[in-house]
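Keep the viewer open as you read.

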Amino acid sequence: MEPEPWWDDLGLRGFVDVRAGSRLRADPGERTPSLGELRLRLEAERQLGGVTFAGKGDFVFDGLESSWAPDLETGRGFFDLRTGYVASSPLPWLDLKLGRQ
């Protein structure tokens, strides 16, 4: 029997997305390449006792972007936090979920 990979213990999953595009006609107001992006999406969810921790984020390399500083409101930069939260049900009639959805 093969040992399980270390990332199985983390509950980590994700994908890699590569996008590229170029204009077919020259436009004096635009660059010829229209899209050049490499994206790594990572997601994890973990339960400890009655509390759930979850996160989803994208690491992005955009060859056309002028700044790589992350801006979590606009999703620009090298990291885009898609989801991050802590959830719990401390009482039978109360569910709490705090974070970014």
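Search the whole structure for aromatic pairs and you get one. Keep in mind that this is a predicted model. The two partners are Phe-59 and Phe-79, with ring centres 5.0 Å apart and planes at 55 degrees, so the pair counts as tilted. That label follows because stacked needs planes under 30 degrees apart and edge-to-face needs over 60.

Where do the two rings sit in the chain? Phe-59 belongs to strand 3 (residues 51–62) and Phe-79 to strand 4 (residues 79–91). They are 20 residues apart, and the pair links distant parts of the chain. How well covered are they? Phe-59 has 38% relative accessibility, so it counts as partly exposed. Phe-79, at 22%, counts as partly exposed too, given that buried means under 20%.

Phe-59 also turns up in a nonpolar patch on the surface. Which strands supply at least two of its residues each? Strand 1 (13–22), strand 2 (33–48) and strand 3 do.

One more ring is worth a look. Lys-97 lies over the face of Tyr-85, at 4.2 Å from the ring centre.

Note on methods: Residues numbered from 1 in each chain as written. Predicted model: local features only at pLDDT ≥ 70, side-chain atom pairs only at ≥ 80, totals over all residues. Heavy atoms only, no water. Phe/Tyr/Trp six-rings, centres within 6.5 Å; stacked < 30°, edge-to-face > 60°. Helix = DSSP H or I, 4+ residues; strand = E, 2+ residues; numbered from the N terminus. Buried < 20%, exposed > 50% of the residue type's maximum accessible area, 1.4 Å probe, protein only. Lys NZ or Arg CZ within 6 Å of the ring centre and 35° of its normal. Patch = residues over 30% accessible without salt bridge, like charges linked within 9 Å, V, L, I, M, F, W, Y side chains within 5 Å. Areas by Shrake-Rupley, 256 points an atom, 1.4 Å probe, with all protein chains shown as cover. Salt bridge = Lys/Arg side-chain N within 4 Å of Asp/Glu carboxyl O.
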